[in-house]
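Work through these exercises with the structure open beside you. Try each task before you read its solution.

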Amino acid sequence: MPRRRHRYQVINIGWQELTRIFGCIIYIEIKDGKIWIERDGTEIGVANELVEAGVPKQDIVLAFKAPYKRKFTEFAAN
């Protein structure tokens, strides 16, 4: 049986004219039953989309913010 790591990412890869494009747009990990958003390069915000889909804010950690700043958001601190 394959090992599950609960890590998900969306990347942008390809060519734009003569320039090679490669970058991570979204990176999420599921840890201890919470959704840790490590990278969110979207305009709308993955956290907002998750809340709209019914995920409670206390189950979402904005890991791209410094740990001391997370307590000032409406999402989980860790």
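**Ground rules**

This is a predicted model, where local features need pLDDT of at least 70, side-chain atom pairs count only at pLDDT 80 or more, and totals for chains, interfaces and linings use all residues. Residues are numbered from 1 along each chain as its sequence is written, and side-chain values use heavy atoms, with hydrogens and water left out.

**Exercise 1. Confidence**

Find the mean pLDDT of the protein, and the elements with the lowest and highest mean pLDDT.

*Solution.* 
- Start with the term: pLDDT is the predictor's confidence in each residue, from 0 to 100.
- The protein has a mean pLDDT of 94. Of its residues, 99% reach 70 or more.
- Now go element by element. Helices (H or I, at least four residues) and strands (E, at least two) are DSSP runs, numbered from the N terminus.
- Helix 2 has the lowest mean, 94, and strand 4 the highest, 98.
- Keep one caution in mind: where pLDDT is low, the predicted coordinates should not be read in detail.

**Exercise 2. One residue in detail**

*Solution.* 
- E29 is in strand 2, residues 19-31.
- Check accessibility next. Buried means under 20% relative accessible area, exposed over 50%, and partly exposed in between (1.4 Å probe, protein chains only). E29 has 14%, so E29 is buried.
- List the contacts (heavy atoms within 4.5 Å). Beyond its neighbours within four places in sequence, E29 contacts H6, R7, K34, I35, W36 and E38.
- Turn to R7, which is found in strand 1. With the neighbours within four places set aside, R7 is in contact with Y27, I28 and E29.
- R7 is partly exposed, at 47% relative accessible area.

**Exercise 3. Salt bridges**

How many salt bridges does a search of the whole structure find?

*Solution.* 
- Set the cut-off: a salt bridge is a side-chain nitrogen of Lys or Arg within 4 Å of a carboxyl oxygen of Asp or Glu.
- The search gives 3 salt bridges.
- K31 is partly exposed at 30%, and E38 is partly exposed at 27%.
- K57 lies in the loop between helix 1 (46-52) and strand 4 (60-61), and E74 in the segment after helix 2 (67-70), so the pair ties together parts 17 residues apart in sequence.
- Compare the two ends: K57 is partly exposed at 30%, whereas E74 is exposed at 54%.

**Exercise 4. Core and backbone**

Which residues make up the largest nonpolar core? Which residues other than glycine have a positive phi, H6 and D32 among them, and where do these two lie?

*Solution.* 
- A nonpolar core is a set of buried Ala, Val, Leu, Ile, Met, Phe, Trp, Tyr and Cys residues joined through side-chain atoms within 4.5 Å.
- The largest core has 10 residues: I26, I28, I35, I37, V46, A47, L50, I60, L62 and F75.
- Helix 1 gives the most, 3 residues.
- Beyond residues up to four places away in sequence, V46 touches I26, I28, I37 and D40.
- H6 has a phi near 55°. H6 sits in the segment before strand 1 and is partly exposed at 37%.
- D32 has a phi of about 50°. D32 sits in the loop between strand 2 and strand 3 and is exposed at 80%.
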